[in-house]
Amino acid sequence: MKTSQAFILKKTTYAEADYILSIFTKDFGKITALAKNAKKSTKRFGGRLEPFVLSRISFQDRPGRMHILQECETIKVFLRFMEDVELFTLGSFMIENIEILIPKEDPTEKTFQLFLNTLKALNTGKTILPEILKFQLSVLALSGFMPKLDSCTKCGKVVSQMAIFSIKKGGSLCQNCSSNKSNGYLLSRDFLINADSMQADTNMIFRYIDIFRKYTEYHTGKEIKSFKILKEIRK
Ligand SMILES: [Zn+2]
């Protein structure tokens, strides 16, 4: 039996009363586990098999097969994520980034801590969008998908503060290499590393989140579905 702090990322009904869960554990990375009879046995799992709840779980480790969840005990519920629809959608956006970018069974305590700290910050009312952008870029960096922003991806030249960002090329292009501007997005590195300017312009931050969302989808071949809902909410 193994135990760890964990977050439930996704819950799918299986058979009549079971759930298949994608779980992000602190000590073992992202795992998939079967919660047998969880729909009926509220005693063992309660109503805690939900996202945005820090839990302590025990599971039966079955290498090469789906693990079996034995127990799930609540440590902390991040209530605001369940009460505020925009925050819930942004939280789902963070979860999708983890689902898509972090490989299974690969312990990554830094990413776990990052997710926990971001939930804590947003739960206490910190300005939301800058935290989401920081989270998005950090997960890209921790998963090895970080785009090259400080130098030209084509010729290696250091780029000035404004550059053209190419999703296909996976980073910034210098003036010489970006003759066809229609193939990229204008991006300011200063803005990205300057937290103060981030606080000021939420539309700009949202635009950047969207660019890196497109970048992530292009390089993983997977869609981040919650973003569509996010766009609807912000209209
Ligand atoms: Zn160049």
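How many other C-beta atoms lie within 10 Å of N37, and does N37 count as buried, exposed or partly exposed?

Mentor: First, the ground rules. This is a predicted model, so local features need pLDDT of at least 70 and side-chain atom pairs count only at pLDDT 80 or more, while totals for chains, interfaces and linings use all residues. Residues are numbered from 1 along each chain as its sequence is written.

Now your residue. N37 has 14 other C-beta atoms within 10 Å, so N37 is partly exposed. The scale is this: 20 or more other C-beta atoms within 10 Å of a residue's own make it buried, 12 or fewer make it exposed, and partly exposed is in between, with C-beta atoms placed from the backbone. N37 is in the loop between strand 3 and helix 1 (42–45). Helices (H or I, at least four residues) and strands (E, at least two) are DSSP runs, numbered from the N terminus.

Look at the backbone of N37 too. Its phi is near 60°, a positive value in a residue other than glycine. Most residues other than glycine have a negative phi. F52 also has a positive phi, near 65°, and is not glycine. F52 sits in the loop between helix 1 and strand 4 (53–60). With 22 C-beta neighbours inside 10 Å, F52 counts as buried. N37, by contrast, is partly exposed.

Step back into strand 3. L34 is found there. L34 counts as buried, with 20 C-beta neighbours inside 10 Å. Leaving out residues up to four places away in sequence, L34 touches Y14, D18, I20, M66, I68 and L69. Touching here means contact: the C-beta atoms of two residues, placed from the backbone, lie within 7 Å. K11 is 23 residues from L34 along the chain, and their C-alpha atoms are separated by 9.8 Å.

Follow L34 to L69. L69 lies in strand 5 (residues 67–77). It is buried, with 27 other C-beta atoms within 10 Å. Beyond four places in sequence, L69 touches L21, A33, L34, A35, I57 and F59. I57 is twelve residues from L69 in sequence, and the C-alpha to C-alpha distance is 7.4 Å.

In all, 14 residues of domain 1 are in contact with 17 residues of domain 2. On the domain 1 side, strand 1 (2–14), strand 2 (18–25) and strand 3 (29–35) each supply at least two residues. That side has eight nonpolar, two polar and four charged residues. The classes are: Ala, Val, Leu, Ile, Met, Phe, Trp, Tyr, Cys and Pro nonpolar; Asp, Glu, Lys and Arg charged; the others, Gly among them, polar.

Across the boundary, take helix 3 (residues 85–101). Its axis and that of helix 5 come within 10 Å and cross at roughly 5°. That makes helix 3 roughly parallel to helix 5. Axes are lines fitted to C-alpha atoms, for helices over the stretch in contact, and angles run from 0 to 180 degrees between N-to-C directions. Under 35 degrees counts as roughly parallel, over 145 as roughly antiparallel, 65 to 115 as roughly perpendicular, and the rest as oblique.

Helix 4 (residues 109–123) is another partner: its axis and that of helix 3 come within 12 Å and cross at roughly 175°. Helix 3 is thus roughly antiparallel to helix 4. L87, M94 and I98 in helix 3 meet T111, F115, T118 and L122 in helix 4. Five of these contact residues are nonpolar, two polar and none charged.

Helix 9 (residues 226–234) also packs here: the axes of helix 3 and helix 9 come within 9 Å and cross at roughly 155°. These two helices are therefore roughly antiparallel. On the helix 3 side, V85, E86, T89, L90, S92, F93 and E96 meet S226, F227, I229, L230 and I233 of helix 9. That contact has seven nonpolar, three polar and two charged residues.
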